[in-house]
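Student: I would like to go through this model and ask what stands behind each label. Please set the values against the definitions as we go.

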Amino acid sequence: MIPLDYFGFNHVYKSFGQTKVLDDFSFSVPSGKIICLIGPSGCGKTTILNLLAGLEQPDTGSISGTADLRISCVFQEPRLLPWKTVSENISFVLQDLTLSRQQELIEMYLKAMGLYEYRDSYPKALSGGMKQRLALCRAFAFPHDLLLLDEPFKSLDTPLRMELVQQVAGMWGENPRTIIFVTHDILDALLLGHFILVLSAKPAAMLDTLEINIPLGERDIAKVPFPVYYNHILALLGGKTNSPERPVTTTA
Amino acid sequence: MKNSSLKTRYLAPILGLVFFLAVWQFISGFYNPVIVPSPAETWRSFFSLAASGLLWEQGRQTITRGLAGFGLAVLVGTPLGFLIGLNQTMASIFQPLVVVLQVTPLISWLLLAMIWIGFSRVPLFVVFVTTLPLIIINTIQGIKNVDLQLLQMAAVFRVDKLRIIKEVYFPQVIPYLFAGLAAALGTTWRAAAMAELLSVNQGVGAGMAVARANLETAALFAWTFFLIILGLLTDRLLSYLSRQKLNQWK
């Protein structure tokens, strides 16, 4: 049983045709934290998000703690409406709010992401990175209890990626809500995750669950314990490392 | 490069037209004008029809009937296309009927309309039934090609169904709808003239019937050119409107 104010998967099975994606998959984590799912490409991470978002249903098993949650999402692709301007793309998902509240949120997040001057442009005028930032604005502006991030920084260069990681951390700090962050980048996971769930190749199985108690703003990935975590995760994912020993949970 | 694209754009069609006129002139030299009138005779006939006011008077009738039938088809066909495209039950009920509508010969509609609704409304009805399936089928095609990722996005953010139809489906269906409108407009003038020929005594089709009865082949050619020009003009206007609508964001 998953305790109250936790959420997770209970013995979930999911197949697409002959391909088993999840085979008796279970996990539980507390709400209000950033949970990073890390695993090899194609291991079923997106399927886990789709199940959480209600876009897919499990073949058997159940998902606890997500009923009645307002869910927001950043997909791997920006998924913007090309016929709507930057502002309109955000207001499209804010239908339940008053116009003035919509304007307030749009202005706040566009300014935070450096897109405010493009508010009346169409997405065709934005670069790939800007489109992804707009998708982040839309997801943050939408009133949510659970935010799903599906490799949102995949196509971005490292400096922009680091900047966005900091912005996500900052936004979570201002308003802590549950974030499920799917990535295949160990550094992203170490910088953002309160919990890091390491998954095996398909069908996804939980290889390890790491809890990091160091506050988000105080993480220096060059210092202990992060190199240890890094090597441990790398070893689990099949990479070569010098010190693959299991780290202990660390508190600042 | 720029020079060659200018040549392709303007010079080539003019050369094609000159070639066509030359061949026409050449062939007309071998025949009686009652069989094949020359380009000059056709132009004289066109000019005299225009000067007498007949061209405009008859043309106006055809344009009014054509646009009324076409407009009605758009008004009925677009929502019906959406219903069929979005709802499986509606698709099961209506899709076979749309196919029947599409394959029924024009002449059958003409004769049935004369019996059912009287002669005066036959052109409008015939234009309506021949253009309706084109609008419906193109709308359905547009709906089938809607980006599923955008629909998923809207579903996750719990956007209500009506807004999804209006703001996600509709903008993606527009290019298909314009393609349907272009095909339907092409059919409109042909169907209107054909229906007028057999059912009424006013309109371009009726003008053609008179020209045929009087063996005025040059006038028949002139009416035909009027319909061709009308078709080209409406087609150009439609593609201009389509570009205006889509260029903003495409």
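Student: In β7(A), what is the bridge partner of A:Leu37?

Tutor: A:Val182 is that partner. Bear in mind throughout that this is a predicted model.

Student: What makes β3 and β7 of chain A a pair?

Tutor: Pairing requires at least two bridges between two strands. Strand β3 (residues 34–38) and strand β7 (residues 178–183) of chain A are joined by five bridges, so the two strands pair under that criterion. They run parallel.

Student: Which strands make up the open sheet of chain A, and in what order?

Tutor: Six strands form the open sheet, in the order β5-β6-β7-β3-β8-β9, and the pairing is mixed. At the edges are β5 (71–74) and β9 (206–211) of chain A, each pairing on one side only. On average, neighbouring strands of the sheet are turned by 15° against each other, direction ignored.

Student: How many helices and strands does chain A have, and why is the chain called as compact as a globular protein of its length?

Tutor: Chain A contains seven helices and nine strands. Its radius of gyration is 18 Å, and the globule rule gives 18 Å for 252 residues; the two values are close, so the description holds. Along the principal axes, the C-alpha atoms of chain A fill a box of roughly 50 × 45 × 35 Å. Buried residues account for 39% of the 252 residues.

Student: How do you know that the length of helix α3 of chain A agrees with its number of residues?

Tutor: Helix α3 (residues 99–112) has 14 residues, which at 1.5 Å a residue should span 20 Å.

Student: Which residues of α3(A) are called buried, and what does the label require?

Tutor: The buried residues are A:Leu105, A:Ile106, A:Tyr109 and A:Leu110.

Student: What makes up the contact between chains A and B?

Tutor: 16 residues of chain A are in contact with 15 residues of chain B. On the side of chain B that touches chain A, α7(B) gives the most, with six residues.

Conventions
Residues are numbered from 1 along each chain as its sequence is written. Chains are lettered from A and ligands numbered from 1 in the order in which they are written. This is a predicted model: local features need pLDDT of at least 70, side-chain atom pairs count only at pLDDT 80 or more; totals for chains, interfaces and linings use all residues. Helices (H or I, at least four residues) and strands (E, at least two) are DSSP runs, numbered from the N terminus. Axes are lines fitted to C-alpha atoms, for helices over the stretch in contact, and angles run from 0 to 180 degrees between N-to-C directions. The radius of gyration is taken over C-alpha atoms; the globule rule is 2.2 Å times the number of residues to the power 0.38. A residue is buried if 20 or more other C-beta atoms lie within 10 Å of its own, exposed if 12 or fewer, and partly exposed in between; C-beta atoms are placed from the backbone. The expected span of a helix is 1.5 Å times one less than its number of residues. Two residues are in contact if their C-beta atoms, placed from the backbone, lie within 7 Å.
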